[in-house]
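Hello,

Here is the structure I promised to pass on. Please open it next to this email, and my notes follow below.

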Amino acid sequence: KGVAVEHRAIVNQVVWKRSAFGLGADDAVMVKTAATFDLSVWEYWSALLSGARLVVAAPSRHPDPGYLNRLLAAERVTTLHLVPSMLEALLTESGDRLAGSLRRVLAIGEALPAGLAQRFRTGHRAGLWNLYGPTETTVWSTTAVITRSSAPTIGRPIANTSIRILDPRGELT
């Protein structure tokens, strides 16, 4: 789909992400998204503007959880963006032991099941965030940190963003 996104919205996202997640020169961000897809804004630009290292996965190998797990470990990736179904595939392939270098896992693009979130939180020190929002809001508009005792929610708005929650009739709640 074609979506027009203003440059200032992209800048807001990248500046917010760098601040909210503490991205810096000691980070390594895995890139496995085509540059034409909205998530690439986060993978490429937040890393580059933070001085982080980009770890580019081979395009033909993106769906291979074994390859991705080996790359995460070999390149000491600290930041991973992925859909929950790929998180589940990576956990299954690795026996629930993702790379110890991970500091943050950002789940986006699908609903994050509570069981999957807890499965990840049980065996990893890395932070887990649930991110929500359509492309039209520049990748996502809300974020929620997932703890060992919390269920995934859509969270709170990111900087310079507001949200409205509607009931099934389309009215504000």
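Arg76 counts as exposed because its relative accessibility is 55%; the cut-offs are under 20% relative accessible area for buried, over 50% for exposed and in between for partly exposed, with a 1.4 Å probe and protein chains only. You will find Arg76 in the loop between helix 3 (65–74) and strand 3. Its phi is near 50°, a positive value in a residue other than glycine. Helices here are DSSP runs of H or I with at least four residues, strands are runs of E with at least two, and both are numbered from the N terminus.

Asp96 also has a positive phi, about 65°, although it is not a glycine. This residue sits in the loop between helix 4 and strand 4, and it counts as partly exposed because its relative accessibility is 29%.

A word on what you are looking at: this is a predicted model, in which local features need pLDDT of at least 70 and side-chain atom pairs count only at pLDDT 80 or more, while totals for chains, interfaces and linings use all residues. Residues are numbered from 1 along each chain as its sequence is written, and side-chain values use heavy atoms, with hydrogens and water left out.

Now to the strands, where pairing means that DSSP finds at least two bridges between two of them. Strand 3 and strand 4 run parallel and are joined by four bridges, with Leu82 opposite Ala107 in strand 4. Right-handed means that, with the strands pointing away from the viewer, the path from the first strand over the helix to the second runs clockwise.

Strand 4 also pairs with strand 5, again in the parallel sense and over four bridges; here Leu106 stands opposite Trp129 in strand 5. Together with helix 5 (residues 114–123), strand 4 and strand 5 make a right-handed β-α-β unit. Which way do the side chains of strand 4 point? Arg104 and Leu106 point one way, Val105 and Ala107 the other, and all are buried.

On its other pairing, strand 5 meets strand 6 in the antiparallel sense over five bridges, and Ile146 is the bridge partner of Leu128. Four of the five residues of strand 6 are buried. Strand 6 pairs with strand 7 (residues 156–157) as well, antiparallel over two bridges, with Thr142 opposite Pro157.

Helix 1 is worth a look too. Its buried residues are Asn12, Gln13, Val14, Trp16, Lys17 and Phe21, and their cover includes helix 2 (40–50), strand 3 (79–82), strand 4 (104–107), strand 5 (127–132) and strand 6 (142–146). Val14 is buried, with a relative accessible area of 6%. Leaving aside neighbours within four places in sequence, Val14 is in contact (heavy atoms within 4.5 Å) with Val41, Trp45, Ser46 and Leu49. Just after helix 1, Gly22 takes a positive phi of about 65°.

Finally, the largest pocket is lined by 25 residues, and Phe37, Val83, Ile108, Gly109 and Glu110 lie nearest its centre. A pocket is an open set of points on a 1 Å grid over the protein atoms alone, where a 1.4 Å probe fits, with protein on both sides within 12 Å along at least five of seven lines; lining residues have an atom within 4 Å of a point. Strand 5 gives the largest share of that lining, three residues.

Best wishes
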